[in-house]
Number of protein chains: 2
Amino acid sequence: MQVEVWSDVVCPWCYIGKRRLEEALARFPHADEVEVVWRAFELDPSARSAAPGDAAREPGDYARRLAAKYGTSVEQGQGMVDSMTAAAAADGVEMRFDLAVAANTLDAHQVLHLAAERGLQDAAKERLLRGYFTEGEAVGDHEVLVRLAVDAGLDADEVRAVLAEGRYVDAVRAEEAEAAALGATGVPFFVVDRRYGVAGAQPAEQLLAVLQRAWDERSPLTLVGAAAPGAGAADHACGPEGCAI
Amino acid sequence: MQVEVWSDVVCPWCYIGKRRLEEALARFPHADEVEVVWRAFELDPSARSAAPGDAAREPGDYARRLAAKYGTSVEQGQGMVDSMTAAAAADGVEMRFDLAVAANTLDAHQVLHLAAERGLQDAAKERLLRGYFTEGEAVGDHEVLVRLAVDAGLDADEVRAVLAEGRYVDAVRAEEAEAAALGATGVPFFVVDRRYGVAGAQPAEQLLAVLQRAWDERSPLTLVGAAAPGAGAADHACGPEGCAI
């Protein structure tokens, strides 16, 4: 069974959703037959990565940015930050918005694509989320990405080559187009076996229920007006043993 | 919308099923947005193609083969032939089992694969079915396949090259494995958008109902416990406009 999660590295609910998915999988009896794939979604493809010295690297900038985005006061922005921090803490995630450094995430998604090919995607995803949300890492910087990717087990030179070439830019864009085609307007967006979709970091309980439902209905097709699979040749059909006539 | 039909060239119900699908599509208002793909299924991968002069090319052999297969008398074999002939006639298909020449269909499926790449698959499928069932063509012979493929618009040299190289043998085998994975134990087996399966040459009425149902449910995902697609950011999600908090 496959669980694809469209997600961004700088999306707070995505980090929380990752924990909730992990909790759901920990309680799912068939977790060892579930493959989790992290797919790319950029909340803001036009985002600029803050360079060292930028205002966007100063403490408290996150609340100011929120206030500017929503047209509220900085105090109200800080209120949102506090609410999100509390929500994250309830799921065991430490969010340090006071340290967060604005970042474009296209390159982070390229790193995650490489990590998937090397069987290290979950480790890389976790490392990037923790870097951005907890440690104030500038996940838009190439050398920061290289360092975090190495922490997750990737090869530094290969990561540098991927970023220099833009090797997976098209792959990232294709995943983003797929998200749109599937009806995802926000993230996290969980897709189970391309049959069920869950929008948002729903509680582990609910993710578990979807896993169970998809598991129970694993047959990839709904057979209409015909014998169930494995029941032998249907009416008006031919099989290895001949034709029903 | 995509309709895949697993089918064999020497399968009577497949030819009838093709007519029923055509009738269903003729009555389906969105037929011009439906792509039909013919996929490979060999009823008997070990079948030997009868060479000129073989008993299997003599009139009446089909009834004898059926009798041998089912352990019945040749008269009972002929009874099955007559029933199938009558069923086919009711759908406008002329079946001349008295002319039919036993054939292995691996190469016919290779030709159909080439035809798909050239946008000529339906014409080629129809030509091969008519050749085998109505005209007594030896659809296991390379030169017969070349001639029928040319009738359908393919290039003779390219067909010869495909057959000489076995260019699509792996592709045919992959489609057959896919049929098994989807639960198809006989053919024809219709699959609509990989969501609905119909086993057997069900009546046009029923195929039409499945087309309509799949059309009405075109959204590829069942969204669970969340807002409908397009309704904006769900709870506990982040989107281009920010995070719901």
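This is a predicted model: local features need pLDDT of at least 70, side-chain atom pairs count only at pLDDT 80 or more; totals for chains, interfaces and linings use all residues.
Residues are numbered from 1 along each chain as its sequence is written, and chains are lettered from A and ligands numbered from 1 in the order in which they are written.

The contact between the chains takes 52 residues from chain A and 52 residues from chain B, two residues being in contact if their C-beta atoms, placed from the backbone, lie within 7 Å. On the side of chain A that touches chain B, the elements that each supply at least two residues include helices H1 (12-26), H2 (61-70), H3 (74-90) and H9 (204-216) and strand E4 (196-199) of chain A; helices (H or I, at least four residues) and strands (E, at least two) are DSSP runs, numbered from the N terminus. The largest share of this side, 4 residues, comes from E4(A). Its residues divide into 31 nonpolar, 16 polar and 5 charged, where Ala, Val, Leu, Ile, Met, Phe, Trp, Tyr, Cys and Pro count as nonpolar, Asp, Glu, Lys and Arg as charged, and the others, Gly among them, as polar.

Between the chains, E5(A) and strand E4 (residues 196-199) of chain B pair in the parallel sense over 2 bridges, strands being paired if DSSP finds at least two bridges between them. The bridge partner of Leu223(A) in E4(B) is Gly197(B).

Within chain A, strand E3 (residues 189-192) pairs in the antiparallel sense over 4 bridges with strand E1 (residues 2-7), and also in the antiparallel sense over 4 bridges with E4(A). Val191(A) stands opposite Glu4(A) and, in E4(A), opposite Gly197(A). Phe189(A) and Val191(A) point one way from E3(A), Phe190(A) and Val192(A) point the other way, and all are buried, that is, with 20 or more other C-beta atoms within 10 Å of their own, C-beta atoms being placed from the backbone. In the hairpin of E3(A) and E4(A), with 3 residues between the strands, Asp193(A) takes a positive phi near 50 degrees.

In chain B, helices H6 (residues 142-151) and H7 (residues 156-165) pack at an angle of about 140 degrees, with their axes 9 Å apart. That angle makes H6(B) oblique to H7(B), since angles under 35 degrees count as roughly parallel, over 145 as roughly antiparallel, 65 to 115 as roughly perpendicular and the rest as oblique. Among the residues that make this contact are Leu145(B) and Val146(B) of H6(B) and Val159(B) and Leu163(B) of H7(B).

Definitions and conventions: A residue is buried if 20 or more other C-beta atoms lie within 10 Å of its own, exposed if 12 or fewer, and partly exposed in between; C-beta atoms are placed from the backbone. Axes are lines fitted to C-alpha atoms, for helices over the stretch in contact, and angles run from 0 to 180 degrees between N-to-C directions.
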